[in-house]
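Please look over the sequence and the structure before reading on.

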Amino acid sequence: GLFDLGLGRATAFRIAALRDASAEERATTLWTAIAVNLALGIVGALLMWAAADWFFTDIFKVVPAIRPEVDAGVPFLALTVPVATMTGVMTGALQGREQFLRTNTVSVTSTILFQLFPLGVAWAFGPYLPHLLLAALAARLVAIAILWVFCHAELTRGHPMRVEKARVKELLSFGGWVSVTSFVGAALVATDRFLIGAVIGAVAVTIYTVPFQLAQRIAIVPSALTTALFPRLSAAPPEEQVRLGGLAFRTLASLVTLPVLVGVLLIGPFLELWVGREIGSQAAPVGRLLLIGFWINAFALVPFTRLQASGRPHLVALILVGQVFPYLGALYLALKYYGI
């Protein structure tokens, strides 16, 4: 996923911003995004292939008995990189045209096939790793084929392949900042568990992670809403962006607040029933704070999306980067002196 470099989001932004432009301009943007992403995907595949021998020898040691099977699977693993990056670009293009039913239909279909194909191959031929990877790859290729049919019908039909250097720069500039945001955001989300384990111990990680996984489900609603909002904001003038942002705030408040309040009240009894009194009683206060945190973060996603949709993804990235060291320092001191 690192080799996507935010081009899926960048493609969605550019296609949405070109809503009133000519069909040829939108087609050129998609062709350019596909060309750049395919090149990045191939580079990523070659790097993964080259690094696999070192990784499986020195980092993740594989017992000699199954090493040949792992080595035989590496080429198929490498092929997943361009497949993943291409999926992101075509999904972004359809999102830019607000074709959410189509993208979600493909996503659901792909997820189901991603489970069924390898299971079917394992049942028919045995659990040989290269065959399982090939089956998983085939499921993703089916998704790409369907996405391409939709993209061709919506954007490229009647327009020959054309790549523009200026659009390459635009896509990489926007996508690069989105990549920084994704990387730093993921690091911030994962750091707490590493520090909890280092400062307090592994048991505390469990007490934290169980309610975290529950509370995190709150993010599904704001994530879905802002994904749908992004192309509309990208094509809107500033006054309309303000109006849509206010509407999104009110919608989120009505959708998320009551479930969070119910969760705060019920998470204690639920955790004791689910994981037992010993862990549940310790995890419940953590869960209540996490639910409130995810509730606040739901509203933060609106200005986050507005900044990206107005062509300022660098501000989002810089704000996240600016959080890193204060957050790490505060987290360490809080764990050391106050516990989980």
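This is a predicted model: local features need pLDDT of at least 70, side-chain atom pairs count only at pLDDT 80 or more; totals for chains, interfaces and linings use all residues.

Residues are numbered from 1 along each chain as its sequence is written, and side-chain values use heavy atoms, with hydrogens and water left out.

**Largest pocket**

- The largest pocket has a volume of about 1800 Å³.
- Its lining counts 50 residues, and Gly185, Ala186, Val189, Asn297 and Leu320 are the closest to the centre.
- A pocket here is an open set of points on a 1 Å grid over the protein atoms alone, where a 1.4 Å probe fits, with protein on both sides within 12 Å along at least five of seven lines; lining residues have an atom within 4 Å of a point.
- Grid points are joined across faces, edges and corners, and a volume is the space filled by probe spheres set on the points.
- At least two lining residues come from each of α6 (165-199), α7 (202-215), α8 (220-234), α10 (277-309) and α11 (313-338).
- Helices are DSSP runs (H or I, at least four residues), numbered from the N terminus.
- α10 contributes the most to this lining, with 14 residues.
- By class, the lining holds 30 nonpolar, 17 polar and three charged residues.
- Ala, Val, Leu, Ile, Met, Phe, Trp, Tyr, Cys and Pro count as nonpolar, Asp, Glu, Lys and Arg as charged, and the others, Gly among them, as polar.

**Second largest pocket**

- The second largest pocket holds about 370 Å³ of space.
- Of its 21 lining residues, Thr87, Ser107, Ser110, Arg140 and Ala143 are the closest to the centre.
- α3 (67-96), α4 (100-125) and α5 (129-156) each give two or more residues to this lining.
- The largest share, eight residues, comes from α4.
- The lining divides into 10 nonpolar, 10 polar and one charged.

**Thr226**

- Thr226 sits in helix α8.
- Thr226 counts as buried because its relative accessibility is 5%.
- Buried means under 20% relative accessible area, exposed over 50%, and partly exposed in between (1.4 Å probe, protein chains only).
- A polar atom of the Thr226 side chain lies 3.3 Å from the backbone oxygen of Ser223.
- Leaving aside residues up to four places away in sequence, Thr226 touches Leu301, Val302 and Thr305 (contact means heavy atoms within 4.5 Å).

**Ala334**

- Ala334 belongs to helix α11.
- Ala334 has 31% relative accessibility, so Ala334 counts as partly exposed.
- Ala334 and Phe230 are 104 residues apart along the chain, and their C-alpha atoms are separated by 36 Å.

Technical notes
A polar contact is a pair of N or O atoms within 3.5 Å; within protein, one must be able to donate a hydrogen and the other to accept it, and residues adjacent in sequence count only if both atoms are side-chain atoms.
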